[in-house]
Amino acid sequence: MRHAAAIRNAHGLLAGWRPLAPFFCLYVTFGATLGFLSGGAPLILRARGLDLGGVGLLQLINLPVGLTFLWAAVLDRVRLPFLGRRLGWIVAAQGATVALLVGLSFGEDWPLPALLALAIATCACVATMDIALEALVVETVPADRRAFVASAKLCGGSLGGILGVGVLVGSYDALGWPAALLGCAALDALCLLPILAYPEARLQGAGGVPERRSGGFARLRVLAGRIAALGAYFAAAYLIGGPNTLALLDLGVPLTRVGFLTGTVLPAVNLVMAAMAGGLAARFGTVRLIAFGGTGVLAAGGLMAASCALRSADLAVTATILNFVFGGFLGVPVFNMIYRWSQGPRPATDYALLFGAAFFAAMPLRVAAPALAGWAGWPGYFTATLPLYAAALAWLALTIAHTLRTDRAAGRGTAR
């Protein structure tokens, strides 16, 4: 009896997660491609002696992720002459990503500006696929299931980071440039296949009734406060946790160990936390989960400041892992609310504004953070980030709480 019940439970769990597989697979490609193109370079160049200000400039590789709002309206207005409204753009963008990666595989000896330009173009294609996929989620996934999609997103991105940084970059000396790029291209092509069977037309409208606004400026006024709260949070989250691995290098942790932490251990921890957070968000509520995760991130930041002051590499490694553990709890509720806020007449544009514009707004601080640390010293830098993160977290939590209260008053069926 118990054996039969266990089998039924396993089948039920599998049936519940099967619809998430297409989303999970595409988010694997997002994490792997961006991880391979931009994840290993800062650590490698810092280990070779590049100053912290120069390392910060490498953040510009991710710039297309923050600029998707410039072309997102095209995805809402133009339907490609194949597949569905969103699936057409997903396939076109992913196909372009594969083609560019294949092209890059021939460029081991090309000038750096040419490689950088192609890498940025590849990131732009990946980001375009992402906003089309997010619009598909908003339009076809019911509100009470989006927390699980957000969990699949972060789990897939974490696994992609393991593959793109931990495997491809970690095995770069053995693989070489062409094989590493072609491996990434093959992964992107393979992970595109599950979404081709997604019933977009049948599920269209299952995401709920969109918010109605009189025009673009009215919609922008609604989103502006949310974009500002997200931008402050993204900037503060990077300030308190992003430069951790650079600090580890400066504390004497070997590059191989830092690379293993960055490309394997930390994404694996993030994957587990994201898998847990989907169910926790549905059970305990969005604001409570954000408060719990944010408190843990603050504690990890304080421990990192103490580690740097004591010059304790082992304590700093512990603080870095704790930052990823508690930060992993935050990703699901934050992205779940971005889905909710994107529930307008033009979800691709709304998502690009909410995530892309907020990411772009945080870019100056992301670029400046290593230089600020070099000026203030690591203990002073991490100490200064604590009140900034606490304020940004409180702002975001209050903004989310206001939306949830409004939804309850209006009788909307959204996440708690």
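Which residues in helix 7 meet which residues in helix 11? In this predicted model, Ile-90, Val-91, Gln-94, Thr-97, Val-98, Leu-101, Val-102 and Leu-104 of helix 7 meet Trp-177, Leu-181, Leu-182, Cys-184, Ala-185, Asp-188, Ala-189 and Leu-192 of helix 11. The points below cover this helix pair, a second pair and the nonpolar cores.

**Helix 7 and helix 11**
- Helix 7 spans residues 87-104 and helix 11 spans residues 177-192; their axes lie 8 Å apart, at an angle of about 165 degrees.
- Angles over 145 degrees count as roughly antiparallel, so helix 7 is roughly antiparallel to helix 11.

**Helix 17 and helix 19**
- The axes of helix 17 (residues 313-341) and helix 19 (residues 378-410) come within 12 Å and cross at roughly 45 degrees.
- Helix 17 and helix 19 are therefore oblique to each other, and their crossing is left-handed.
- Helix 17 contributes Leu-330, Val-334, Met-337, Arg-340 and Trp-341 to the contact, and the residues they meet in helix 19 include Tyr-389, Leu-393 and Asp-407.
- Nine nonpolar, two polar and two charged residues form the contact of helix 17 with helix 19.

**Nonpolar cores**
- The largest nonpolar core has 97 residues, and Phe-23, Ile-90, Leu-133, Ile-195, Leu-230, Phe-234 and Ile-338 have the most contacts inside it.
- Helix 8 (residues 112-140) gives the most to this core, with 13 residues.
- Leaving aside residues up to four places away in sequence, Phe-23 touches Leu-133, Leu-136, Val-137, Val-141, Val-149 and Tyr-198.
- A second, separate core has 22 residues, among them Leu-239, Leu-249, Ala-316 and Ala-369.

Key
Residues numbered from 1 in each chain as written. Predicted model: local features only at pLDDT ≥ 70, side-chain atom pairs only at ≥ 80, totals over all residues. Heavy atoms only, no water. Axes fitted to C-alpha atoms, helices over the stretch in contact; angles between N-to-C directions. Helix = DSSP H or I, 4+ residues; strand = E, 2+ residues; numbered from the N terminus. Parallel < 35°, antiparallel > 145°, perpendicular 65-115°, else oblique. Left-handed = near helix turned anticlockwise from the far one by under 90°. Contact = heavy atoms within 4.5 Å. Nonpolar A, V, L, I, M, F, W, Y, C, P; charged D, E, K, R; others polar. Core = buried A, V, L, I, M, F, W, Y, C linked by side-chain atoms within 4.5 Å. Buried < 20%, exposed > 50% of the residue type's maximum accessible area, 1.4 Å probe, protein only.
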